[in-house]
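I opened my notebook with a few things to look up in this model. Here is what I wrote down, entry by entry.

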Amino acid sequence: MNVMDSLLSGLTALVSDPMVMMWCIVGVTIGTLVSALPGIGTVTAMAILLPLTYSLGSDEASMVLLISIYLGGMYGGRISSILLNIPGDTNAVVATFDGYPLAKQGKAPFALTLSAVASFVGGVLGFIGLAALTPYLADVALLFGPAEYFTLVLFVLVFTAGIANTSTLKALGATLIGLLIATVGSDPISGFPRFTFELSGLWDGVDLVVIAVGLFGVSEILMKFDNTAAAQTTQRSVTLAALTRALGDVKKYIPSMFRGGAIGFIIGLLPGAGASMATFVSYAGEKAVAKDRSQFGNGDPRGLAGPEASDNASVGGSLIPTIALGIPGSAAAALILGGMVMVGLQPGPELITNSGDLVWIMIASVIVANVLLLVMNIVLVPGFALALKWLTPVLTIVIGMLCFIGVYSLNYSMFDVALMCVFGVLGFGLRKFGYPLGNVLLGVILGPLIESSFRQGVQLTDSGWKLFTFSGISIGLTVLTVLSLAVFGVLSFRRRSRGQSKIKMSA
C-alpha cells in the first residue's frame, strides 16, 4: 500500500468513527482555550490530560486527543499575545512582536484572522511533509549531533541579533543577557548550584513562562504607567463584511506563510529544537528577505504570518522523529511519545510496520484538526475583538491579573511571582534603553541547548575548537556565522557613518 492509499485509509477511519472525531474536537477546543491563558500553555494542558488517554478505551482516540491538543495550543497562545502582549507560552512570544502592535492600531480582527490562516497554511505544509516523508526522512535528524547543534544554535543567535531593528551590539548584548539567565540553576553535569544566591527556589533554574510573562507582560504594565498619555487601543465592532475584508487582505502574505511553513517543518525535524526556535528563525528570515524592514516590530503583517505558519508546521516536523525514531522533536512531542508508550505502542522504525493503521490515523488527525481550528478561530474572531473592546478600559488591571494568576498557577509559588516582577523591571529597563526583549528570550530558550551541545561536543572531540570543523554541516554553519558577523559589522559601520554625516550637515 502506497503513501496516498495509507493516508486515505487513515482519514476514512478517523472521520467515520464518531468517538474519535469527538475527541478530536474536544482536543482542539481544550488546546485553544487553555493555551490562551498566560502561563498555562500547550505542554501543561497535555500533561494534565495525559492520564486521561489511558482510560479512553481506544488507542486511536487517545492519540488523536493528544495531537489535537498539541495543534490547538499552537494557535491558542496567540490570542493573549496579540490582544494583551502576554504570550500564552514561549512558542507565542514572536506573535507579540507585530501582532500586538497591529491590535493597538485597531487591527486586532485582521491580526487574529491572519494568525488563524497562517497557522492553517503552516499546519497543512507540516501535514504534507509528515505524510510524505515519515517513512523516508527520519534518518536526516540523525545527522545532527552535539557539534552540529552547537554551530546551528550559534548561527541562529548571531543572525537574529544582526537583523534586529536596534543596533547589532545591543541585540547581541540582549542575547548574552538571555544566555546568562539560562545558566541560573544547578549545573546539569555536576549538580553544583550556579548564580542561585543561596535561594532554593533557583536550584531548578527559572521557568520560561515566568521569564516570558515578566519580560513582556509586567514590563507592558510598567510602560503604560510610564507613558500615561499614550493613545488607547480602539476597536470597531466586527461584522461579517469586516471579516471578509480581513480574509481578502490576508492573501497578500501567503508567500510569508509558505516560507515560514518550510522553515518550521525543517526545524521541527531536529529533536529538541522545538517550535520556539522555529518561530524566531522564521521571523529572522522574513526580515532578511524584506526590502523594507522599518515596520517590523511596529505592526508588520509579515512578522506575524511567517512565524505563525512556522509554529504549526513544526508540529508535523516534530512528529517524524517521534514516530519513526522514538526521539521527540519537542516537549509536546515528548508527551505524545509518553502517550504512545502508555497505550502499549513502541515508537521506532518498526512502528509503521507493526501498527500502520494507527500511525496513519494519527497523521490524518493533523489535517482534520487544522481544518477544525481554521473554522473555529475564524468564527470566534468577532468574540475576541469584542472581548478586547470590553477589556480596554481596564486593560492594565486585566494584564496584571493574568500575569499574577498565570505565573502563580505554575507551581503555586509566590517566589515565582516575585521572580516575574524582577524580570518585569528588567524588561522595562531594557525596553527604555532600546534592547530587544525577543533576543533576551531567545537566549534563554536556546541557552540550555547550546550549553549541553558544547559540553557534549567537547567530550566527543577533546577540544572545543574542533566543534566548528567536526563535520561538513558544522563547517558550513560556522562559515555562515562568520559571514553574518562580517556583513552585519559592515552594515552597522555604514549606518553609524551615515548618522554622523547627517549630524555634521545639520550643524
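**Burial.** I call a residue buried under 20% relative accessible area, exposed over 50%, and partly exposed in between (1.4 Å probe, protein chains only). Accessible areas come from the Shrake-Rupley method with a 1.4 Å probe, and for residues only the protein chains shown count as cover.

**Ground rules.** The model is predicted, so local features need pLDDT of at least 70 and side-chain atom pairs count only at pLDDT 80 or more, while totals for chains, interfaces and linings use all residues. Residues are numbered from 1 along each chain as its sequence is written, and side-chain values use heavy atoms, with hydrogens and water left out.

**Gly317.** I looked up Gly317 and found it in helix 13 (residues 302-324). Helices (H or I, at least four residues) and strands (E, at least two) are DSSP runs, numbered from the N terminus. Gly317 counts as buried because its relative accessibility is 0%.

**Salt bridges.** In general, side chains of opposite charge can pair when their charged atoms come close. My criterion was a side-chain nitrogen of Lys or Arg within 4 Å of a carboxyl oxygen of Asp or Glu. How many salt bridges does a search of the whole structure find? The search finds six, and I followed up on some of them.

I began with Glu286 and Arg259, whose side chains meet at 2.9 Å, N to O. Glu286 belongs to helix 12 (residues 274-289) and Arg259 to helix 11 (residues 254-268), so this pair ties together parts that are 27 residues apart in sequence. Is Glu286 buried or exposed? Glu286 counts as buried, at 2% relative accessibility, whereas Arg259 is partly exposed at 35%.

Next came Asp187 and Arg194, which form a salt bridge at 3.5 Å, N to O. Both ends are buried: Asp187 has 11% relative accessibility and Arg194 has 18%.

Then I checked Glu451 and Arg455, bridged at 3.0 Å, N to O. They sit four residues apart in helix 19 (residues 437-461), so about one helical turn separates them. Glu451 is buried at 18% relative accessible area, and Arg455 is partly exposed at 24%. Salt bridges with shared partners join Asp187, Arg194, Glu451 and Arg455 into one network.

**Cavity.** A cavity here is a set of points, on a 1 Å grid over the protein atoms alone, where a 1.4 Å probe fits but cannot get out; lining residues have an atom within 4 Å of a point. Grid points are joined across faces, edges and corners, and the volume is the space filled by probe spheres set on the points. I counted one cavity of 30 Å³ or more, and the largest cavity holds about 40 Å³. Its lining includes Tyr75, Phe120, Asn312 and Asn377. Which helix gives the most to that lining? Helix 16 does, with four residues. By type, the lining has five nonpolar, four polar and no charged residues.

**Surface.** My last entry is a nonpolar surface patch of Leu180, Phe195, Phe197 and Leu199, with about 450 Å² of accessible area together. Patch residues have over 30% relative accessible area and no salt bridge; nonpolar side chains (Val, Leu, Ile, Met, Phe, Trp, Tyr) are joined within 5 Å, and like charges within 9 Å. Leu180 lies in helix 8 (residues 168-182) and counts as exposed, with 51% relative accessibility.

Terms used: 1 Å grid on protein atoms, 1.4 Å probe; cavity = no way out; pocket = protein on both sides within 12 Å on 5 of 7 lines; lining within 4 Å. Nonpolar A, V, L, I, M, F, W, Y, C, P; charged D, E, K, R; others polar.
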